[in-house]
Amino acid sequence: MRVAIYTRVSTHEQQTLPMQMKTLRRYCRSRNWKIELEIEDVGSGAKERKKRDQVLNAARRRSVDAVLVWKLDRWGRSIHDLFLTLKELHDLGVSFVSYTEAVDLSTPIGRAVAGVLSVFADFEREMMKERIKAGIAYARKRGRRHGRPRSVTKHTTKVKQLFKQGVSKAEIARQLNISR
C-alpha cells in the first residue's frame, strides 16, 4: 500500500512533529506500507492548508492508496471540512487511517467511529473557546489586561512632542518603530 503521511501542529511552539512522524513511519514499516509522501504542517484553523492540499492532490492523482494521520483533529478544521475531505478520499478509493484513534475509514465501522470522534473533537474546541472567553471576561472584571502589550503607551510623550512639531503619524511610527 502506498501511503501519504500528514502531520500537523497548530503553532511553532509545539514540538510534537518529529514524534508524530517517527511513530507514523514505524507504523508504516510494521505493515509493509510504502511511504510515498510525508508532509509536516504548522498552522491553526487556516482556511487554506496548502500542505494538506498536497496530500489531497496525491490522492486525486492516485499516487497514494491511503492517508495516515496522527489524529483526526490534525486533519480536519471542522466537522464539515473533515467529512468533506474524508468523503472525497472515500470516493477516490483512498483509505484514511488515524493512528491515535485506531480508526481505519476503509471500513463502515471505522467511518462511524470517525463521525462520533469528530463530533467530540468539535465539542472540545467549542468548550475551549468558551473557557477562553470566560477567562478574558474575568480578567477584564478584575481590571487586568490581556493580549499583546501596548507598545505605544510607553512612547506617549515622544509621540505628542513629534506631532506638535508637525511630524506626520506615519513618520512618527517609523521613527519610534511602532504601529501607526
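How are α6 and α7 oriented to each other? This is a predicted model, and here the axes of α6 (residues 156-164) and α7 (residues 169-176) come within 10 Å and cross at roughly 140°. Angles over 145 degrees would count as roughly antiparallel, so the two helices are oblique to each other. As for handedness, the crossing of α6 and α7 is right-handed.

From α6 you get K158, V159, L162 and F163, and they meet K169, I172, Q175 and L176 of α7. Sorted by class, that contact has five nonpolar residues, one polar and two charged.

Next, the inside of the model. In soluble globular proteins, nonpolar side chains tend to be buried together. Here the largest nonpolar core has 21 residues, and V55, V67, W75, L86, L89, V94 and F96 are those with the most contacts inside it.

N32, in the loop between α1 (17-30) and β2 (34-42), has a phi near 60°, a positive value in a residue other than glycine. N32 is exposed, at 70% relative accessible area. R62 also has a positive phi, near 65°, and is found in the loop between α2 and β3. With a relative accessible area of 44%, R62 is partly exposed.

Terms used:
Residues numbered from 1 in each chain as written. Predicted model: local features only at pLDDT ≥ 70, side-chain atom pairs only at ≥ 80, totals over all residues. Heavy atoms only, no water. Core = buried A, V, L, I, M, F, W, Y, C linked by side-chain atoms within 4.5 Å. Buried < 20%, exposed > 50% of the residue type's maximum accessible area, 1.4 Å probe, protein only. Axes fitted to C-alpha atoms, helices over the stretch in contact; angles between N-to-C directions. Helix = DSSP H or I, 4+ residues; strand = E, 2+ residues; numbered from the N terminus. Parallel < 35°, antiparallel > 145°, perpendicular 65-115°, else oblique. Left-handed = near helix turned anticlockwise from the far one by under 90°. Contact = heavy atoms within 4.5 Å. Nonpolar A, V, L, I, M, F, W, Y, C, P; charged D, E, K, R; others polar.
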